[in-house]
Structures are given as structure tokens and as C-alpha cells.
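Hi everyone, thanks for coming.

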Amino acid sequence: TAILLSSSFASQAILAASVDSSVTKTKLESKKTEKLPVLKRLGITRKTYQLINQGNWQQAKEEIEKTSILSVANKESAWLAFAYLYLGDCNGVSKLSSALGASQSEARDEDPEKQMTRVLVLALNDLCQKKVDDAHDILLAFQKVHTSLCDQDMLFNFCLAAVYAKKQDQNASEKFCAKALELEPDFAWGYRTDGMIFERSLNKP
């Protein structure tokens with residue numbers, strides 16, 4: 001009887017240890033993957049995101065160019081367009097826009113997220129060409145149709161912030177920059193931009 005009881009206790013101990021090990025493993029795996037959805041939403045690699053947050057747009061551009069297929073509408077393309085804009089490479093934005101066929105009419109029957117990429121690239125191209133009102137109208141027209149999608153997308157809100165900054169509308173620019181940061185609190189470059197917007201509002205007569 002003693003041997004049977006001992007064997008039973010040993011089995012229970014092994015089972016408990018197995019359960020604990022499984023729970024621990026699950027927790028560790030959860031910690032490893034908890035930030036992946038952020039990168040998935042942003043559509044860029046961890047390295048590219050770090051470079052952007054460091055303000056190293058040149059290297060971020062080069063990193064995206066290594067893997068991005070210009071004719072494929074994905075979030076990387078929109079980030080690449082923003083990098084071109086920031087670096088003053090309007091020719092780069094224009095080529096990207098042409099490669100994507102970035103027009104709303106061509107994207108009509110496409111997945112809404114891919115449509116958004118095309119719209120963002122087209123708007124950023126207009127912004128680089130100093131067609132600020134055109135960029136503004138393109139984004140608002142898309143937002144009107146896909147309100148929920150746009151409201152939950154950090155890059156869309158950040159692009160709106162850039163457009164309103166060019167329109168000298170500091171309040172609207174700060175509003176959309178704050179929305180972008182609310183959606184992605186780890187977006188360090190956004191805080192730098194938000195600070196610049198605030199500084200401009202203080203210097204405004």
C-alpha cells in the first residue's frame with residue numbers, strides 16, 4: 001500500500017510539474033509575441049521601426065528598399081513614400097506612385113487596406129509636389145468611405161497630421177499626431193513631431 005501511495009504521489013508531482021512547465025512556456029511565448037501585432041499593424045520590420053524612431057530616415061528608406069516590391073501595395077510602400085517625402089526625394093515618391101498605379105479609380109475593387117496604401121502614396125506624392133489641397137482632399141475622401149479603418153490606422157493619422165502642418169493648421173495637425181500616438185504609444189518619432197508642432201504653435205503670432 002505504501003508503495004502504491006508513493007507511486008501515486010510521484011505521478012501527481014510529475015503531472016503538476018508538467019502543467020507548471022506548460023504554463024511557464026506559454027507565458028514566455030506570449031511575452032515573445034506580444035509586440036508582434038504592433039509590427040504587423042505597421043507593416044515594417046523591427047529594424048526599420050527602430051531606425052524611424054531614431055530619426056534615421058535614410059537608412060530606414062534603404063532598409064525598406066531591400067525588401068519592398070514597388071508594384072505591390074502594402075504598408076511598407078506607404079512608409080517608403082513618407083521616407084522619400086521627409087528626405088525631399090519627390091522623384092522617389094513620384095516613381096513609387098506610378099509603380100503602384102496609385103489612383104483611387106484603379107484601386108476601387110481592391111482590399112481596403114491596399115486601397116489605403118495607394119491613397120497614402122498618392123497623397124504623399126501630392127504633398128511633395130506642394131499640392132497640399134489635393135493631398136488633403138484625397139485623404140478625406142478615403143476616410144469618408146472607410147472611417148473605422150482610417151481612425152484605427154496610425155500611419156493614416158500621421159499623414160493627416162503632416163498634411164495639416166503643411167496647411168498651417170496647427171490645431172488639426174496636433175490632433176491627428178496625438179491620435180497616431182494614442183494608437184501606437186511606442187512611435188518615438190511621433191513625439192518629436194508633436195513637440196515641433198507645439199513649438200510652432202507657441203511661435204505663431
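Let's start with a quick one: is lysine 179 buried, partly exposed or exposed? With a relative accessibility of 24%, lysine 179 is partly exposed; buried means under 20% relative accessible area, exposed over 50%, and partly exposed in between, using a 1.4 Å probe and protein chains only. Lysine 179 has a salt-bridge partner, glutamate 182, at 3.9 Å from N to O. By salt bridge I mean a side-chain nitrogen of Lys or Arg within 4 Å of a carboxyl oxygen of Asp or Glu. The two sit 3 residues apart in helix α11, about one helical turn, and glutamate 182 is exposed at 57%.

A word on what you're looking at. This is a predicted model, where local features need pLDDT of at least 70 and side-chain atom pairs pLDDT 80 or more, while totals for chains, interfaces and linings use all residues. Numbering runs from 1 along each chain as its sequence is written, and side-chain values use heavy atoms, leaving out hydrogens and water.

The protein has 12 helices and 0 strands; these are DSSP runs numbered from the N terminus, H or I of at least four residues for helices, E of at least two for strands.

Across the whole structure there are 7 salt bridges. In one of them, glutamate 184 pairs with arginine 41, with closest N and O atoms 2.9 Å apart. That pair spans 143 residues, from the loop between α11 and α12 to helix α2. Here glutamate 184 is buried at 5%, whereas arginine 41 is partly exposed at 43%.
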